[in-house]
Amino acid sequence: MKDSEQLREWESLRWKNFKDHLHQIHSANAFQKNRFPELENWKSWSGFDDFTSSCPLTSKKELEHDRVLAPPHGTNRTFSNERYVRFSQTSGTEGQSMVWLDTEDDWQWMLENWKIVLSHAGVKKGARSYFAFSFGPFLGFWTAYEAAVALGCICIPGGGQSSEARLRAILKHKVEYLFCTPTYVMRLIDCARELDISLSEHSLKKIIVAGECGGSVSEMRLEIDRAWGRKSLIFDHYGMTEVGPVAYEIPGGQGGLRIISDSYFAEVIDVEKLSPLKDGQMGELVLTPLGRTASPLLRYRTGDMVRVKRGIDDCGRPTFDLIGGILGRVDGMEVIKGINLHPSSIDAIVRKFIGISEYKVEIDKIRGMKEIKILAECEKSAARSLELELRDVFSLRIPVETIAYGSLPRFDMKANRWVKIQKTISN
């Protein structure tokens with residue numbers, strides 16, 4: 001079969017399955033029918049172009065507002081209440097945290113997506129896997145844990161333990177796959193240095209990271225490789241509570257993310273014009289899960305900034321790759337003296353300096369103008385070098401102040417290093 005025929009057959013099957021999904025939503029989901037009246041025309045659509053031209057974008061604020069009007073879970077539900085058996089909650093990093101309810105069918109759909117991620121990371125039956133996170137309402141590693149159990153892995157939960165206890169368990173039990181955030185990998189490295197624990201005898205094959213930007217940042221990846229003494233140790237993953245497990249690291253071990261196209265219809269749009277962007281242009285990632293029917297999202301604005309490269313994989317399937325992974329947040333970007341600064345861009349530079357243990361970025365407004373500075377746990381020489389590097393990269397002076405080691409919080413889950421000072425200095 002020719003490649004073009006394979007693609008047409010694949011797209012035809014994907015569209016057919018999605019129309020079944022739309023049929024169920026149209027039949028019973030009040031939230032989607034109220035916000036999307038054109039949904040009643042779903043039978044006449046012949047492909048995703050018809051869908052995107054008819055369907056409005058969905059924002060997080062819209063979901064939050066629905067929960068205010070119909071607390072606590074909103075109206076975005078396709079089935080009766082007794083079908084919902086899984087509870088998770090967004091981190092609330094931006095806006096309010098939201099509860100998300102799932103049926104067992106949708107939960108299993110997410111586990112199947114995680115199994116794809118695990119397969120590409122090389123995880124196999126019997127693999128010793130350690131989950132270094134608190135077992136709260138965060139969706140990501142719960143689904144990873146259950147998918148690994150279903151795969152037949154030896155799954156070791158690290159909830160409620162100190163960083164020292166987790167680190168010693170990873171070494172003692174010869175853990176092969178570690179699951180945590182990029183920030184927490186750095187915390188474990190710091191912990192090893194503090195306690196003079198050697199990392200040279202570990203058994204790790206991959207550290208599978210999620211929950212925040214950083215897993216595809218080359219500087220962070222190199223620092224982690226140096227500390228653990230093994231190349232290409234990080235394996236990046238991307239997902240959200242609202243949509244599920246979305247992407248895995250592009251084959252090759254250099255970072256970047258590949259959308260699971262069987263499960264998600266992905267777009268990249270201009271943040272202001274809301275129009276589609278070409279390959280290589282930076283814009284906001286928009287996702288439509290193709291199989292999460294119980295609490296569905298249609299054309300969801302993720303708030304994540306990406307650059308896409310479309311192509312064809314070795315099996316003749318289309319690829320939707322996010323070059324460099326998640327590059328920043330739409331609402332996390334700050335404009336300082338005309339320069340666009342993304343948290344991931346600052347983080348990539350800070351990670352070049354091994355002597356910086358932790359840092360915080362403060363944004364202040366002085367006489368109507370935004371100012372930025374960095375507080376860093378490091379020596380003065382490292383702070384000066386960081387200032388020079390920031391100036392070279394951004395053509396902007398960003399002061400770096402040194403503070404005592406241990407002054408800043410450590411993060412097990414998503415790091416929140418950017419802080420807006422709630423005051424205005426006037427004349």
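Colleague: What makes the contact of Glu-284 with Arg-301 a salt bridge?

Modeller: The term requires a side-chain nitrogen of Lys or Arg within 4 Å of a carboxyl oxygen of Asp or Glu, and the side chains of Glu-284 and Arg-301 meet at 2.6 Å, N to O, so the pair qualifies. Glu-284 lies in strand S11 and Arg-301 in strand S12 (residues 300-312), so the bridge ties together parts that are 17 residues apart in sequence. This is a predicted model, in which local features need pLDDT of at least 70 and side-chain atom pairs count only at pLDDT 80 or more, while totals for chains, interfaces and linings use all residues. Residues are numbered from 1 along each chain as its sequence is written, and side-chain values use heavy atoms, with hydrogens and water left out.

Colleague: Why is Glu-284 called buried, and why is Arg-301 called partly exposed?

Modeller: Buried means under 20% relative accessible area, exposed means over 50%, and partly exposed is in between (1.4 Å probe, protein chains only). Glu-284, at 3%, therefore counts as buried, whereas Arg-301, at 22%, is partly exposed.

Colleague: Why is Ser-275 called partly exposed?

Modeller: Its relative accessibility is 27%, and Ser-275 therefore counts as partly exposed. Ser-275 is placed in the loop between strand S10 (264-269) and strand S11 (282-289).

Colleague: What makes helices H5 and H6 roughly perpendicular to each other?

Modeller: The axes of H5 (residues 104-121) and H6 (residues 139-151) come within 8 Å and cross at roughly 75°. Angles of 65 to 115 degrees count as roughly perpendicular, under 35 as roughly parallel, over 145 as roughly antiparallel and the rest as oblique, and H5 and H6 are therefore roughly perpendicular. Axes here are lines fitted to C-alpha atoms, for helices over the stretch in contact, with angles running from 0 to 180 degrees between N-to-C directions. Helices (H or I, at least four residues) and strands (E, at least two) are DSSP runs, numbered from the N terminus.
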